[in-house]
Amino acid sequence: MTGKEGALGRVWSKGRREMPLKARLGECAIAFLLTATLTGAEFLEGHAFFALALVAVWGPGWEGVCALLGASLGYLCFLGFVGGLRYIAASMMVYAVALAMGEFRLYRKSWFMPLMAALLNGAVGFVYQSPIGWDRATAASYLAELALTAVVVYCYRQAMTVRTQSHSGPWTPAQTAGVLVLGGTVMMTLARVMLGGVVSLGRVLCVLAVMTAAWKGGVGVGAAAGVVAGVAMDAAQGTLPYGTLLFALPGLLAGACWERGRLVCALVYVLTGGVSLVWMEPGDNLQAVGLEIVLGAVLFLLQPEALVNRLGAVLRREEGEDMGQLGRELAAQQLRRTATAFRAVTGGLREAFTPVVPNDQDTSRVFDRAAEEVCVRCRQRERCWQQEYQATRTALSDAMTPMLERGEGIREDFPLHFAGRCTQFDAFLGAANRELRSLLARRRYDSRVRESRAAVCAQYGQLAQVLDRAAGRLDQHPPVDARRQRLMAQRMKALGIRGKCSVTQDPNGHVHIQLEGPEVERLVQGGELEKLSTLLGCPLRQDTAAPRGQVVLVQQEPLVAVAGLAAADRKGQSVSGDCGAWFKDEAGRLNFLLCDGMGSGPAAREDSNCALGLLEKFLRAGLEVEAALATVGEALALRGEDQGGFTTVDLFQLDLFSGRSAVYKLGAAPTYFRKPGGVERVVGRSMPAGVAPGMKADSFPQQLGAGDWVVLVSDGVVSPREDGWLRRLLADYEGTSPQELAARILQESGQREGEEDDRTVMVIRLDVRPREEG
């Protein structure tokens with residue numbers, strides 16, 4: 001019994017006290033009539049406790065008095081003086097308890113009146129039964145009546161809460177069950193009303209109610225209504241449970257057709273009910289039962305649409321009431337719409353960036369403009385450009401090729417016959433060189449603009465892909481590990497820890513446990529974490545990055561990586577252009593980054609630090625490696641548009657669960673692996689990030705295990721032509737310290753390669769994770 005249910009009772013009682021007089025009189029009339037009607041409902045002959053239970057629900061006040069009067073009158077009419085006096089006495093005692101305790105908090109507890117009604121009914125029943133005598137059957141029926149009295153009081157109380165304005169929305173399961181029980185017991189009385197001496201009014205109304213509940217409530221509500229109606233009819237008549245079959249099975253199948261319309265639902269119910277008659281005995285008046293089903297279906301088809309819709313609004317809860325799930329779906333839709341918009345922007349920009357009219361880059365225009373500047377004042381212009389036009393054009397065309405290759409023109413580029421007869425050759429050559437430099441500058445500018453525009457379009461495309469991936473992740477639900485979640489709940493209960501627990505698995509099948517509550521920290525204290533690991537069958541560790549107020553446990557990786565770093569600045573420089581880091585992303589993979597900016601000093605450091613920071617943010621956000629590298633390359637290309645800076649990128653990614661790894665390179669130096677088979681070198685051929693947009697990184701997948709070593713170096717550490725010394729040093733090293741090995745490599749590099757560049761060495765060793773680290 002929850003506090004919420006007690007609150008419902010308080011709301012209902014308070015609402016009744018604040019009703020206006022006319023409404024209060026209506027309530028009194030309902031209490032009198034409904035309670036009087038329920039006195040005619042008997043459970044298996046002689047057990048007529050339903051009106052008594054309703055008296056317990058109405059409680060003190062005039063409504064309770066009217067309910068008591070209705071129960072007294074009804075019991076005298078249906079059971080006579082001797083039989084009815086027992087339940088009248090019990091009802092009066094129940095009302096007296098409600099009157100005495102109505103102002104106390106105990107009375108508002110949802111369990112108090114069901115218990116009191118059962119005890120008082122049992123006390124009076126014991127007094128009445130004792131003179132007659134007890135046997136096994138009598139004792140069993142006596143105890144069953146006590147239990148049913150408490151259950152019915154509770155159900156009636158839940159049914160009454162739906163009459164308040166504060167509960168006009170969809171019914172809770174408890175309220176639905178209460179309404180079904182109240183309706184079923186009313187039908188038990190109406191089942192005694194015969195129309196024409198053949199058809200039972202209660203049975204016809206049961207068919208109507210079950211059919212309506214199935215059509216508007218679906219399979220579950222239809223089946224539940226059918227079971228309640230069948231049990232009520234069987235209990236009222238004291239027959240075999242044929243009624244349950246006649247109502248429950250049709251209600252179940254009709255509920256399955258709730259989306260197909262009212263007529264289809266009625267036909268399914270009638271056909272199923274007709275088939276169910278086969279299991280009834282021939283003496284059960286099959287014609288009357290079949291007629292009752294048909295009459296109920298006719299009433300179902302004739303009832304007003306507004307009434308049915310109003311009932312459906314409270315019977316059927318809308319699917320997807322999980323607001324968290326609804327929020328995720330809406331967010332995913334919004335992200336997809338935004339991604340579509342960015343793709344449209346990308347397409348529009350590409351069309352806008354495509355020039356309709358090509359830029360003026362015709363090389364012949366170089367000499368045309370030089371002639372307009374110099375030859376216009378020459379006396380031989382008619383001879384050169386009219387009489388010997390073809391020869392002049394041929395001479396200038398032959399000179400253009402070496403001029404474009406060199407970037408400027410000299411006298412030797414032109415034929416002797418042209419250079420010898422031109423009286424203003426030096427001025428013409430100077431003007432042509434100026435035009436050529438302008439042409440080449442325009443070409444470089446146009447190329448840079450095209451690259452920048454392509455990078456911008458690519459950035460929008462990458463952003464659209466990122467949004468699509470984010471939307472896909474919102475749609476994904478991590479699978480719940482039901483077995484481990486049950487074990488965790490049992491362990492928390494055994495330790496007396498209150499809180500919430502969810503056990504899920506990530507896409508790779510690794511366990512993720514999220515705990516929330518005031519005492520969940522005890523699960524990671526005093527060796528309890530090791531016990532949980534044994535209980536769940538997988539090593540666990542605490543995630544220190546969990547939100548405040550939560551404890552997050554994740555599956556411990558079987559491998560551990562130990563890293564060492566050694567670096568030296570270029571001789572004469574105080575700031576290195578190299579930048580390195582390592583971190584673990586949200587997928588549980590280790591990422592080792594080494595970036596080398598162009599040159600040395602603060603500018604190179606700024607470039608490499610920018611590349612490393614961007615790449616780390618993208619990888620932590622969950623982007624795919626290829627997309628993250630492409631986006632960083634395009635961002636650096638735009639950033640270095642003025643000064644032309646670029647950065648090498650070396651990324652080593654490692655999964656500590658499986659040992660699967662990969663190296664990604666953008667213009668980076670070789671990477672070395674030491675495995676049981678020897679030392680292996682991988683060399684990339686791509687250009688550094690920032691040289692040009694759209695640069696694709698080289699990738700080299702690897703499979704590593706405990707005892708393997710990985711060495712990442714920047715450009716100045718080893719010569720591309722001779723690295724045998726590094727291979728031998730890595731192969732012959734017998735220590736276990738990555739830091740020591742990194743220092744040795746850096747020292748040997750300084751002796752062999754000099755100190756003319758920034759040098760950084762990053763060494764990683766894999767090993768089996770010690771058990772105590774869990």
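Residues are numbered from 1 along each chain as its sequence is written, and side-chain values use heavy atoms, leaving out hydrogens and water. In this predicted model, local features need pLDDT of at least 70, side-chain atom pairs count only at pLDDT 80 or more, and totals for chains, interfaces and linings use all residues.

**Exercise 1.** Find how H3 and H4 are oriented to each other.

Solution. Helices are DSSP runs (H or I, at least four residues), numbered from the N terminus. Take the axes, which are lines fitted to C-alpha atoms over the stretch in contact, with angles from 0 to 180 degrees between N-to-C directions. H3 and H4 (residues 62–101) pack at about 170°, their axes 7 Å apart. Angles over 145 degrees count as roughly antiparallel, under 35 as roughly parallel, 65 to 115 as roughly perpendicular, and the rest as oblique. H3 and H4 are therefore roughly antiparallel.

**Exercise 2.** Classify the orientation of H3 and H6 and name residues in their contact.

Solution. The axes of H3 (residues 50–58) and H6 (residues 136–161) come within 9 Å and cross at roughly 50°. The two helices are therefore oblique to each other. Contact means heavy atoms within 4.5 Å. From H3, the contact includes Phe50 and Trp58; from H6, it includes Tyr156 and Arg157.

**Exercise 3.** State the mean pLDDT of the chain, then examine residues 1–18.

Solution. pLDDT is the predictor's confidence in each residue, from 0 to 100. The chain's mean is 79, and 80% of its residues reach 70 or more. Over residues 1–18 the pLDDT is below 50; this stretch has 26 contacts beyond near neighbours in sequence. Residues 317–323 are also below 50, with five such contacts.
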